[in-house]
Amino acid sequence: MQAALGLAGTTTVDVVLVVENTGLSTAHDVIIDDSRQSEFDDATAAEGTTPAGFAYSRSGSTVTYTGGDIAPGATISFRFAVDLDNPLPVGTLVQNTATVT
């Protein structure tokens, strides 16, 4: 996710993580870690959509989904919301990267 923002007031961002299994076998016990940058207000992270078989958790600046399986060729979406720190200067680039293991 990248966004160039310059907003006044609280801005909630809907974060969607899309994970695809491009392998030939089922991926078991998948873990998705999203460690957010300093522009996010970590205390406001709230669970949105957690696919069946996965568990949502948040610790500090990291949102984690654990425990599920992803079939070959399947695509699954995970969603959470988090506020941006207020205020962000105009033109601030907010980046977000997640890892899947």
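Three strands form an open sheet in the order E2-E7-E4, with antiparallel pairing. E2 and E4 are the edge strands, each with a single partner, so one side of each has no neighbour in the sheet. From one strand to the next, the twist averages 25°; axes are lines fitted to C-alpha atoms, for helices over the stretch in contact, and angles run from 0 to 180 degrees between N-to-C directions. This is a predicted model: local features need pLDDT of at least 70, side-chain atom pairs count only at pLDDT 80 or more, and totals for chains, interfaces and linings use all residues. Residues are numbered from 1 along each chain as its sequence is written, and side-chain values use heavy atoms, with hydrogens and water left out.

**Overall make-up**
- The chain has zero helices and eight strands. Helices (H or I, at least four residues) and strands (E, at least two) are DSSP runs, numbered from the N terminus.
- The elements run β-β-β-β-β-β-β-β from the N terminus on.
- Along the principal axes, the C-alpha atoms fill a box of roughly 45 × 20 × 15 Å.
- Of the 101 residues, 32% count as buried. Buried means under 20% relative accessible area, exposed over 50%, and partly exposed in between (1.4 Å probe, protein chains only).
- The chain exposes about 5500 Å², and carbon and sulfur atoms supply 51% of that area. Accessible areas come from the Shrake-Rupley method with a 1.4 Å probe; for residues, only the protein chains shown count as cover.
- Take the contacts between residues at least 6 apart in sequence: 78% of them join residues at least 24 apart. Contact means heavy atoms within 4.5 Å.

**Confidence**
- The mean pLDDT is 87, and 90% of the residues reach 70 or more. pLDDT is the predictor's confidence in each residue, from 0 to 100.
- Residues 1-8 have pLDDT below 50; this stretch has 28 contacts in the model beyond near neighbours in sequence.

**Strand pairing**
- Strands of a sheet pair through backbone hydrogen bonds, either parallel or antiparallel. Here, two strands pair if DSSP finds at least two bridges between them.
- E2 and E7 run antiparallel and are joined by ten bridges. Aspartate 14 stands opposite alanine 81 in E7.
- E5 pairs with strand E6 (residues 62-70) in the antiparallel sense, over five bridges. Arginine 58 has valine 63 in E6 as its bridge partner.
- The hairpin of E5 and E6 has two residues between the strands, and glycine 60 takes a positive phi near 60° there.

**Salt bridges**
- The whole structure holds two salt bridges. A salt bridge is a side-chain nitrogen of Lys or Arg within 4 Å of a carboxyl oxygen of Asp or Glu.
- One joins aspartate 14 to arginine 79, with the closest N and O atoms 2.5 Å apart. Aspartate 14 lies in strand E2 (residues 11-20) and arginine 79 in strand E7 (residues 75-84), so the pair ties together parts 65 residues apart in sequence.
- Aspartate 14 is partly exposed, at 43% relative accessibility. Arginine 79 is also partly exposed, at 33%.
- Aspartate 42 and arginine 36 meet in a salt bridge at 3.1 Å, N to O. Aspartate 42 is partly exposed at 22% relative accessibility, whereas arginine 36 is buried at 5%.

**The E4-E5 loop**
- Alanine 52 lies in the loop between strand E4 (40-49) and strand E5 (55-59). Alanine 52 counts as exposed because its relative accessibility is 80%.
- The C-alpha atoms of alanine 52 and glycine 67 are separated by 9.8 Å, with the two residues 15 apart along the chain.
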